[in-house]
Amino acid sequence: MEVNQAKQEHLLALKVMRLTKPTLFTNMPVTCEDRDLPGDSFLRLMKDDPSTVKGAETLILGEMLTLPQNFGNIFLGETFSSYISVHNDSSQMVKDILVKADLQTSSQRLNLSASNSAVSELKPESCIDDVIHHEVKEIGTHILVCAVSYTTQSGEKLYFRKFFKFQVLKPLDVKTKFYNAESDLSSVTDEVFLEAQIQNITTSPMFMEKVSLEPSMMYNVTELNNVTAEEELSESTFGKMSYLQPSDTRQYLYCLKPKPEFAEKAGVIKGVTVIGKLDIVWKTNLGERGRLQTSQLQRMAPGYGDVRLSLELISDTVNLEEPFDITCKITNCSERTMDLLLEMCNTRSIHWCGVSGRQLGKLSPNASLSIPLKVLSSVQGLQSVSGLRLTDTFLKRTYEYDDIAQVCVVCPYTSPES
């Protein structure tokens with residue numbers, strides 16, 4: 001019984017075709033110099049060829065369009081479109097025709113049919129047409145399952161289905177890197193730079209329509225991929241024609257700064273923080289559009305320990321053996337109140353001015369304290385400001401800070417001319 005059903009000839013025929021845009025016809029121009037044996041024969045043949053561009057016969061791309069000859073490649077982020085046609089090949093009326101199209105992926109089964117209602121009847125030599133669309137969001141094996149059920153004139157209910165298997169490939173290779181910056185010495189949570197490396201791993205060029213970063217609720221983002229021209233017009237660093245050739249890689253740079261309500265709280269941005277996600281839009285041959293969004297990008301925030309010491313004010317250049325002023329900012333990054341004691345330890349080249357062992361008082365969680373200090377250097381050249389030590393008298397815990405900043409020490413005296 002099952003064998004007979006499998007071999008039964010159906011009254012309806014199912015055809016499934018992928019809808020893709022055509023491509024430009026390509027030529028293989030053959031040329032030679034006039035003094036060669038063929039003379040201008042090759043040039044005359046190319047001029048008579050209807051597929052070549054008049055006046056540019058040696059151009060590889062022609063004026064004609066070529067219809068796709070095979071299923072082609074489907075890439076993640078593109079829209080898969082298919083034409084489904086059910087034709088009545090018999091000479092009798094068919095009733096209650098139901099056409100269903102499902103897309104089976106590795107994780108889910110999606111119904112792509114525009115309508116789930118049955119067609120009451122289908123006359124001989126008539127057909128039912130449907131076009132389905134689906135934005136591909138998974139890579140790997142996909143199976144398009146097309147099922148047709150109908151009823152014959154004699155009341156017999158028949159059913160058949162066909163499977164169409166295809167692979168979804170990865171179009172882009174995206175790599176990200178995070179860089180921490182301390183350009184703003186007065187802030188507790190510094191700027192973060194994100195570098196996104198995007199490589200075209202397809203076999204055709206892409207036009208990069210948009211590459212943007214959608215930040216999380218904690219950050220504001222500034223794109224660093226444009227330059228300002230003389231007319232104060234913003235222009236892309238990649239030029240006006242933003243094409244990405246196969247296997248080419250492009251770097252995009254973004255600067256993220258914590259919003260004021262988060263930057264003021266030292267303990268909010270700690271550990272793993274969500275930065276945001278990249279939104280990439282591109283176009284391929286004849287304007288076929290693709291779009292990818294990465295998952296939420298995460299960054300491990302730098303650990304400052306319980307107490308962070310940063311500089312608010314320091315000179316770039318100071319005179320040898322002359323005291324200069326610096327302003328330090330101490331921030332309590334812990335969740336407990338501290339009672340801090342400041343000690344200043346001299347090094348070989350750096351000498352602190354003032355009383356060491358000064359009591360700074362209590363510092364609440366997420367609170368900051370600015371203290372002015374004086375220091376001098378006894379050695380010329382680029383010197384590292386070091387030697388500060390903080391002690392929490394509640395827990396008897398000590399925090400030492402070296403290489404706080406770099407300062408250039410110069411001699412203010414000029415030697416007499418010999």
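1. A nonpolar core is here a set of buried Ala, Val, Leu, Ile, Met, Phe, Trp, Tyr and Cys residues joined through side-chain atoms within 4.5 Å, where buried means under 20% relative accessible area, exposed over 50% and partly exposed in between (1.4 Å probe, protein chains only). The model is a predicted one, in which local features need pLDDT of at least 70 and side-chain atom pairs count only at pLDDT 80 or more, while totals for chains, interfaces and linings use all residues. Residues are numbered from 1 along each chain as its sequence is written, and side-chain values use heavy atoms, with hydrogens and water left out.

2. The largest nonpolar core has 49 residues, of which Leu-12, Ile-97, Leu-144, Val-148, Tyr-150 and Met-208 touch the most other members. The most is given to this core by strand E6 (residues 94-104), which supplies five residues; strands (E, at least two residues) and helices (H or I, at least four) are DSSP runs, numbered from the N terminus. A second, separate core of 28 residues includes Met-338, Leu-342, Leu-363 and Ile-371.

3. With contact taken as heavy atoms within 4.5 Å, and leaving aside neighbours within four places in sequence, Leu-144 is in contact with residues including Val-16, Phe-80, Asp-102, Leu-112, Ile-132 and Phe-164. Over the protein chain, residues 24 or more positions apart account for 70% of the contacts with a separation of 6 or more.

4. The protein chain has three helices and 33 strands, and buried residues make up 36% of its 418 residues.

5. Three aromatic pairs are found in a search of the whole structure; rings of Phe, Tyr and Trp (its six-membered ring) pair if their centres lie within 6.5 Å, and planes under 30 degrees apart count as stacked, over 60 as edge-to-face and the rest as tilted. One of the pairs, Phe-207 with Tyr-243, is edge-to-face, at 5.7 Å centre to centre and 65° between the planes. Because Phe-207 lies in strand E14 (residues 206-215) and Tyr-243 in strand E18 (residues 243-244), the pair ties together parts that are 36 residues apart in sequence. Phe-207 is partly exposed, with a relative accessible area of 29%, and Tyr-243 is partly exposed, with 43%.

6. Leu-24 is found in strand E2 (residues 23-26), and its relative accessibility of 35% is why Leu-24 counts as partly exposed.
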